[in-house]
Amino acid sequence: MAADITLLFKASVKTVKTRNKALGLLESSSREEPGAAKRARARDSFSGRAREVISNISKLKDFLLQHRKDYVNAGSVMCSDVSRMTDSERDQIDQDAQIFMRTCADAIGQLRSDSMCMHLSTGDISDPK
């Protein structure tokens, strides 16, 4: 039986979208905004991207928990369930989850960098952590 990786796929697509937003690949705003409005917009954008990362991590967790039993019991000979997961399916889940976690880590790193830039641009020299 093939593992349903729909949730992982949806979370991966959303993560790529978040990463592209973080890198500025999706924004096409060329007009200049006044300073305060520009900072507020950056803060809203930052918050939205942070929420997307949290949502993606939650989706990955839900996916992994949903397939946990089949994943763990895949090598068990004593398991009489029909819904066994093959080694190749387990390997695919491992590979996709690792790519997904790397993408999330990159997005978090970008958020950290943006946070530092926002603190520096507002004149706040305290530690943003």
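Student: Which residues is Leu111 in contact with, leaving aside neighbours within four places in sequence?
Tutor: This is a predicted model. Leu111 lies in helix 4. Leaving aside its neighbours within four places in sequence, the contacts of Leu111 are Phe46, Arg49, Ala50 and Val53.

Student: How far apart in space are Leu111 and Val53, C-alpha to C-alpha?
Tutor: Val53 is one of the residues in contact with Leu111. In sequence the two are 58 residues apart. From C-alpha to C-alpha, the separation is 9.6 Å.

Student: Is Leu111 buried or exposed?
Tutor: The relative accessible area of Leu111 is 9%. Buried means under 20%. Therefore Leu111 is buried.

Student: Which element gives the largest share of the largest nonpolar core?
Tutor: That core has nine residues: Leu8, Ala11, Leu60, Phe63, Met85, Ile93, Ala97, Phe100 and Cys104. Helix 1 (6-22), helix 2 (35-66) and helix 4 (87-121) each give two or more of them. The largest share is four residues, and it comes from helix 4.

Student: Which residues does Phe63 touch, not counting those up to four places away in sequence?
Tutor: Phe63 belongs to the largest nonpolar core. Leu8 and Ile93 are also members of that core, and Phe63 touches both.

Student: Cys104 and Cys117: which one counts as buried?
Tutor: The cut-off for buried is under 20% relative accessible area. Cys117 is at 46%, so it counts as partly exposed. At 5%, the buried one is Cys104.

Student: How many disulfides does a search of the whole structure find?
Tutor: A disulfide needs two cysteine sulfur atoms within 2.5 Å. The search covers the whole structure. The number found is zero.

Student: Why does Asp70 count as partly exposed?
Tutor: Asp70 lies in helix 3 (residues 68-72). Partly exposed runs between the buried limit, under 20%, and the exposed limit, over 50%. Asp70 falls in that range because its relative accessible area is 21%.

Student: What separates the C-alpha atoms of Asp70 and Arg90?
Tutor: Along the chain, Asp70 and Arg90 are 20 residues apart. Their C-alpha atoms are separated by 9.2 Å.

Student: What percentage of contacts with a separation of 6 or more joins residues 24 or more positions apart?
Tutor: The protein chain has four helices and zero strands. Its elements run α-α-α-α from the N terminus on. Among contacts with a separation of 6 or more, residues 24 or more positions apart account for 72%.

Technical notes. Residues are numbered from 1 along each chain as its sequence is written. This is a predicted model: local features need pLDDT of at least 70, side-chain atom pairs count only at pLDDT 80 or more; totals for chains, interfaces and linings use all residues. Side-chain values use heavy atoms; hydrogens and water are left out. Contact means heavy atoms within 4.5 Å. Buried means under 20% relative accessible area, exposed over 50%, partly exposed in between (1.4 Å probe, protein chains only). A nonpolar core is a set of buried Ala, Val, Leu, Ile, Met, Phe, Trp, Tyr and Cys residues joined through side-chain atoms within 4.5 Å.
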